[in-house]
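Welcome! Have the sequence and the 3D view at hand, and try each exercise before you read its solution.

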Amino acid sequence: MFVVFGENGSARSARRDQPGEDGAAIRSVMDAAWVWLDDREPGNAEMLAGFAGARGAREVFVSVPWRGPDQRVVETVAAMRRAGLRVSALGGSGEWAKQPQLAREWSVRATAGGLFDDMHLDIEPWTLPNWPASGAALLAGLAQAAALVSATTGLSVDVDLAPHLAHTHPAGFAEVVASADAVTLMSYRDTVQDVLAVSTQARRSLTRLGRRYRLAVDTLPSGDPGTSFAGHSRCEMELVVAGIGELLRGERDFAGVVVHDLLGWRSLPP
C-alpha cells in the first residue's frame, strides 16, 4: 500500500498494482538504481535484476572497474538486460576531477565491448581534502571529464551532483550541468519534505538550464541522521518515493527517483 500525495499535501492510499492513473504514476517514479559490484555480498545477478524490474526500475548503473568490464560485470549486465532494464556504465573517482583524461581512458575500456546504453559518472570532487578551497577548479575538471566521456563514447552522460553546489558554487554547478546530458541529484533525505527542501535550489537551476534530472535516495548506513533509509522498511522508502513523484510530476525536467543502491534496497525489510 502506498500513500499518494496531492498538491495540497493531502494523502490517499493506492496500490502499486492498482490499474489506472494512480498505479501508473507510482510505478513511473521509480526510475533507476546504482549497482556497485564491490566487496559486499553481491547476491545472484538474476535475483537482483528481477527485484529491480519488479520494484519499477527501468535502468541500472553497473560499476565498471578501472581495467574494464570483467566477467562479473558481463554477467550482471546480461541479467539486467534479460529483465528488460537499460544499463549504464558506472564509474568515477574524485581524482578524475583533477585529471579528467582518466575519465576518458576508463570510458574507452568500459565501452569497448558495446555492453552499455549510456554512461553514469560518480566523481564527487567535494569529498576531496582540498575542497572547498579548490572547488572551482575541481568542478571545472568534473565538467571536462563529462565532456571527454561524451565525446569519446558518443553515449549520453549522466553526472552525480550534490544539491548544495547550486547554492555554494553556482557557476561550477552550471558548468558541470552544461557538460552533461542529465544530472542525478544526491538528495539523500528520508522524508518527502526534506528531499524536496534539500534539492529546491538545484532543481530550479536545472529547470532554468533546461537539463533533465533525477532525485536520489540512499539505503546504506549513514552517520548523518535523516539521510538514509537504512533501518527503515522498504515500504517506508517507497512511500516517500511515491510522494516525491506525486508532488513533482508537473515539473518538466523531473525524470524520476534513483535508489542508492540496489543491494541495499533489496536488503531493507519489507
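**Exercise 1.** Which way do Asp118, Met119, His120 and Leu121 point from β6?

*Solution.* Step one: sort the side chains by direction. Asp118 and His120 point one way from β6, and Met119 and Leu121 point the other way. Step two: recall a general rule. In a regular strand, side chains alternate between the two faces of the sheet. Step three: check burial. All four of these residues are buried, where buried means under 20% relative accessible area, exposed over 50%, and partly exposed in between (1.4 Å probe, protein chains only).

A note on the model before you go on: it is predicted, so local features need pLDDT of at least 70 and side-chain atom pairs count only at pLDDT 80 or more, while totals for chains, interfaces and linings use all residues. Residues are numbered from 1 along each chain as its sequence is written, and side-chain values use heavy atoms, with hydrogens and water left out.

**Exercise 2.** Find the neighbours of β6: how many bridges join β5 to β6, and how many join β6 to β7?

*Solution.* Start with β5: four bridges join this strand to β6, and the two run parallel. Gly91 has Leu121 in β6 as its bridge partner. Now turn to the other neighbour: three bridges join β6 (residues 118-121) to β7 (residues 157-161), again with parallel strands. There, Leu121 stands opposite Val159.

Contact means heavy atoms within 4.5 Å. Axes are lines fitted to C-alpha atoms, for helices over the stretch in contact, and angles run from 0 to 180 degrees between N-to-C directions.

**Exercise 3.** In what order do the eight strands close into a barrel?

*Solution.* Follow the pairing from strand to strand: the order is β3-β4-β5-β6-β7-β8-β9-β10, with parallel pairing. From one strand to the next, the twist averages 25°.

**Exercise 4.** Which residues of helix α2 are buried, and where do they sit around the axis?

*Solution.* First list them: Leu48, Ala49, Phe51 and Ala52 are the buried residues of α2 (residues 45-54). They cover an arc of only 160° around the axis, so they lie on the same side of α2. The arc is that of the directions from the helix axis to the C-beta atoms. Then look at what they face: the buried residues pack against α3 (71-82), α9 (234-248) and α10 (262-267).

**Exercise 5.** Describe the aromatic pair of Trp34 and Phe61, then that of Trp96 and Trp106.

*Solution.* Rings of Phe, Tyr and Trp (its six-membered ring) pair if their centres lie within 6.5 Å; planes under 30 degrees apart count as stacked, over 60 as edge-to-face and the rest as tilted. The structure holds five aromatic pairs. Trp34 and Phe61 are 5.6 Å apart centre to centre with 85° between the planes, an edge-to-face pair. Trp34 lies in β3 (residues 30-35) and Phe61 in β4 (residues 59-63), so the pair ties together parts 27 residues apart in sequence. Both Trp34 and Phe61 are buried.

For Trp96 and Trp106, the ring centres are 5.4 Å apart and the planes stand at 40°, so the pair is tilted. Trp96 and Trp106 are both buried. Ring pairs link Trp66, Trp96 and Trp106 into a cluster.

**Exercise 6.** Where are the cis peptide bonds of Pro132 and Asp261?

*Solution.* One joins Trp131 and Pro132, with omega about 10°; Pro132 lies in the loop between β6 and α5. Another joins His260 and Asp261, with omega about -10°; Asp261 is in the loop between β10 (254-260) and α10.

Conventions: Two strands pair if DSSP finds at least two bridges between them.
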